[in-house]
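The stops below are meant to be selected one after another.

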Amino acid sequence: MIYTCTLNPSVDYQIETKQLELGTLNRVQDTAFYPGGKGINVSRVLKNLGVDSTALGFIGGFTGTFILERLNEEGINTDFVIHDEPTRINMKVKTAKEETEVNGSGASIPKTYQEQLIQKVEELTADDYFVLSGSLPPSISFDFYEKLSAMCDEKGVSLILDIPNRSLKDLLSFRPFLIKPNQAELSEILEKEINTKEEAIKGAKELIQFGARNVIVSMGAEGAIFVNEQFTAKAENPTGTLKSSVGAGDSLVGGFLASYNKSNDFLEAFQYGVASGSATAFSNDLCKKDAVDQLVSQVLIKR
Ligand SMILES: Nc1ncnc2c1ncn2[C@@H]1O[C@H](COP(=O)(O)OP(=O)(O)OP(=O)(O)O)[C@@H](O)[C@H]1O
Ligand SMILES: O=P(O)(O)OC[C@@]1(O)O[C@H](CO)[C@@H](O)[C@@H]1O
């Protein structure tokens, strides 16, 4: 079974407006609410691609109820720890020119609830994948990532890490099956500029030396690279019209896992993951299977 874990979920409030001007009243053209947070997005993408998963993490309040109801409607298994404070709301503003995001910091999670999540992860076995994605809420420290990663390592659970944290390097000794920093995150982790695919490949190889088993660096409109001990590959995106890139990285992870689960083939999974990322960038919500299947042959992979 694939488990996703979102420690800091969100309701994503997506706004489309002609322009966004600070210090004045802006009226919007279009709005939508989505259950958000990186692990939750991975579960939603997996479901869209026909693969079941269970979404774990913390949710609470009226926003938590919204997330739970939407995931239930979509037929996604959930096993959240439910707390009292409302889950945060993240604003995603799209104008004709650019995308702007305003993410909340997150709810406060008491220690007893943190312990309840640990108990759920205790149940995982070596047949499972555990996708630990997204930021930490303010009341939880980096040790929590360490604790969950160590548990996966001990039990032989395949750990996938997509955390926007410069200390990701400190988790690589737990031998994650896959990590997926984006270009900016890779720069931060390695404390050097990453501008090209060649530089990203070099950087990813350093992360393999630290213990990561497979590394994908997502590079937005420029595509992505894949590195493991056996080979490296570059991917170019298919062409299309950008609608909203929110969740494109999570879609890459979801698409990769959906394909790898069936084929055990890294290159095929990488190609399908990139097609999923692009299909999300070309739609308002997360990618749907038809769109991914249409794009996959247009993703150019070079080993
Ligand atoms: N403008 C775009 N056109 C085509 N494909 C895109 C575009 N933006 C993203 N993608 C695809 O989606 C993948 C992931 O995107 P990106 O690198 O922006 O992830 P991210 O920064 O982790 O995003 P998020 O945090 O919103 O999930 C890219 O590697 C690419 O394949
Ligand atoms: O604040 P974090 O946890 O880093 O990211 C949260 C978030 O921006 O990531 C997802 C897209 O990847 C959105 O659904 C969500 O709002």
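This is a predicted model: local features need pLDDT of at least 70, side-chain atom pairs count only at pLDDT 80 or more; totals for chains, interfaces and linings use all residues.

Residues are numbered from 1 along each chain as its sequence is written, and chains are lettered from A and ligands numbered from 1 in the order in which they are written.

**Ligand 1.** Select ligand 1 and the 20 residues that surround it, a residue being near if its C-beta atom, placed from the backbone, lies within 6 Å. Asn182, Ser218, Ala248, Gly249 and Gly277 are the closest. Helix H7 (248-263) and helix H8 (266-281) are the elements that give two or more residues to this shell; helices (H or I, at least four residues) and strands (E, at least two) are DSSP runs, numbered from the N terminus. The shell has nine nonpolar, 10 polar and one charged residues, where Ala, Val, Leu, Ile, Met, Phe, Trp, Tyr, Cys and Pro count as nonpolar, Asp, Glu, Lys and Arg as charged, and the others, Gly among them, as polar.

**H7 and H8.** Next, show H7 with H8: their axes are 7 Å apart, at an angle of about 145°. Axes are lines fitted to C-alpha atoms, for helices over the stretch in contact, and angles run from 0 to 180 degrees between N-to-C directions. Their contact has 13 nonpolar, 10 polar and one charged residues.

**Ligand 2.** Finally, select the 17 residues around ligand 2, of which Gly36, Asn90, Asn103, Gly134 and Ser135 come nearest. Strand S2 (10-16), helix H1 (38-48) and H7 each supply at least two. This shell has two nonpolar, 11 polar and four charged residues.
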